[in-house]
Amino acid sequence: MKTRKDRRMAEQTKTGKRKKKFTIVPYLFIAPNFIGFLIFILLPVLVSLVVAFTDFNIFKGLEGSKFVGIKNFTDMFNDVWFRAALKNNVIYTLGTIPALICGSIVLAAVLNDKVFCKTVLRVMIFIPYISSVVAVSSVWILILNPSQGILNNLLRSIGITDPPGWLGDPHWALAAMIIIGIWLGLGYNTIIYMSGLQSVPQDLYEAARIDGASGIQIFFRVTVPMLQNTTFFLLITNIISSFQVFGQINIMTNGGPGTATTVLAHYIYRAGFSYHKMGYASAMAWFLLMIIFLVTVFQWKFQKKHEDDM
């Protein structure tokens, strides 16, 4: 015979699961973070969207501002500085991303193998990423000094009599920023790839070796395909960070010489806080947001299509 407990459980099964008692405790734990998100992130983002359609000036305030519609957005494409900043940002992205992805995956594969002082090398590679951008920029200013810098002295020692002026040369300043960007991001990308390598089944490597595959063939036929999800993640994060590059450019060149190293994030800052055109700066910030969003969606769709075809 069924006991009273069995009958009660049978009734609960028929009527559905018993409703859980509501408790506010979990919500209290997430409330500080949620409130901070609302006040310091969501609210400013919404305010910036409103400001983007006005001629808001930090000295006039909201009362002294007027609605200008899409004027700020149309003015961007007539602005020589904005076009130069957008061009430089694209060049910076195209210059850093391939080098970061290719260099870090090769470095991760080497460090993941049996090498001497593996732990020390990992730490050395990762240090630039966690270092202060002010300290890093100050060191690179000394390295790239055209007359007394280590780099140009090295180039002179190997026979290059007229080395680049780097930060003071409009033709080389952006190239210097690209080199520094690669140096800064290489450690982070390498560590992420090394984490991804831990999930690759060793059976695949053993099977490839048994079939007579060389080290290069194993790398391109096993390692690279198995790390495609990691590569997808790093592509998105690196593109986002490349369009948000600001610190080293603000410290080392301030966007110069001329417009040589002016990028979108730096020009947005200058428009808002140097020229006091907050409405125009907000419009450019939303334009930058849309670029990042569209690139991310395109990559997401491409990755999904690639996975479906496999």
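Predicted model: local features only at pLDDT ≥ 70, side-chain atom pairs only at ≥ 80, totals over all residues.
Residues are numbered from 1 along each chain as its sequence is written, and side-chain values use heavy atoms, with hydrogens and water left out. Local features need pLDDT of at least 70 and side-chain atom pairs count only at pLDDT 80 or more, whereas totals for chains, interfaces and linings use all residues.

Helices are DSSP runs (H or I, at least four residues) numbered from the N terminus. Helix α4 (residues 80–112) and helix α8 (residues 173–197) have axes that come within 7 Å and cross at roughly 40°. The arrangement of α4 to α8 is therefore oblique, a class that holds the angles left over once those under 35 degrees (roughly parallel), over 145 (roughly antiparallel) and 65 to 115 (roughly perpendicular) are set aside. Axes here are lines fitted to C-alpha atoms, for helices over the stretch in contact, with angles running from 0 to 180 degrees between N-to-C directions. The crossing of α4 past α8 is right-handed, that is, the near helix is turned clockwise from the far one by less than a right angle.

A nonpolar patch on the surface is formed by Phe 34, Ile 35, Phe 37, Leu 38, Ile 39, Phe 40, Ile 41, Leu 42, Val 45 and Leu 46, which together have about 920 Å² of accessible area. Patch residues have over 30% relative accessible area and no salt bridge, and nonpolar side chains (Val, Leu, Ile, Met, Phe, Trp, Tyr) are joined within 5 Å, like charges within 9 Å. Accessible areas come from the Shrake-Rupley method with a 1.4 Å probe, and for residues only the protein chains shown count as cover. Leu 46 belongs to helix α2 (residues 25–51) and, at 46% relative accessibility, is partly exposed; buried means under 20% relative accessible area, exposed over 50%, and partly exposed in between (1.4 Å probe, protein chains only).

The structure holds 1 salt bridge, defined as a side-chain nitrogen of Lys or Arg within 4 Å of a carboxyl oxygen of Asp or Glu. Side chains of opposite charge can pair when their charged atoms come close. The partners are Lys 71 and Asp 75, whose closest N and O atoms are 2.7 Å apart. Both residues lie in helix α3 (residues 71–76), separated by 4 residues, about one turn of the helix. Lys 71 is partly exposed at 45% relative accessibility, as is Asp 75 at 26%.

The loop between α12 (247–252) and α13 (264–274) contains Pro 257, which is joined to Gly 256 by a cis peptide bond with omega of about -5°. Asn 254 is found in the loop between α12 and α13 and has a positive phi of about 55° although it is not a glycine. Asn 254 is partly exposed, with a relative accessibility of 44%.

In α13, 8 of the 11 residues are buried, so this helix is largely enclosed by the rest of the structure. The buried residues of α13 are Leu 264, Ala 265, His 266, Tyr 267, Ile 268, Arg 270, Ala 271 and Gly 272. Just after α13, His 276 takes a positive phi of about 60°. His 276 lies in the loop between α13 and α14 and is partly exposed, with a relative accessible area of 24%.

Val 295 is found in helix α14 (residues 278–309) and is partly exposed, with a relative accessible area of 25%. The C-alpha atoms of Val 295 and Asn 189 are separated by 19 Å, the two residues being 106 residues apart along the chain.

Methods. Helix = DSSP H or I, 4+ residues; strand = E, 2+ residues; numbered from the N terminus.
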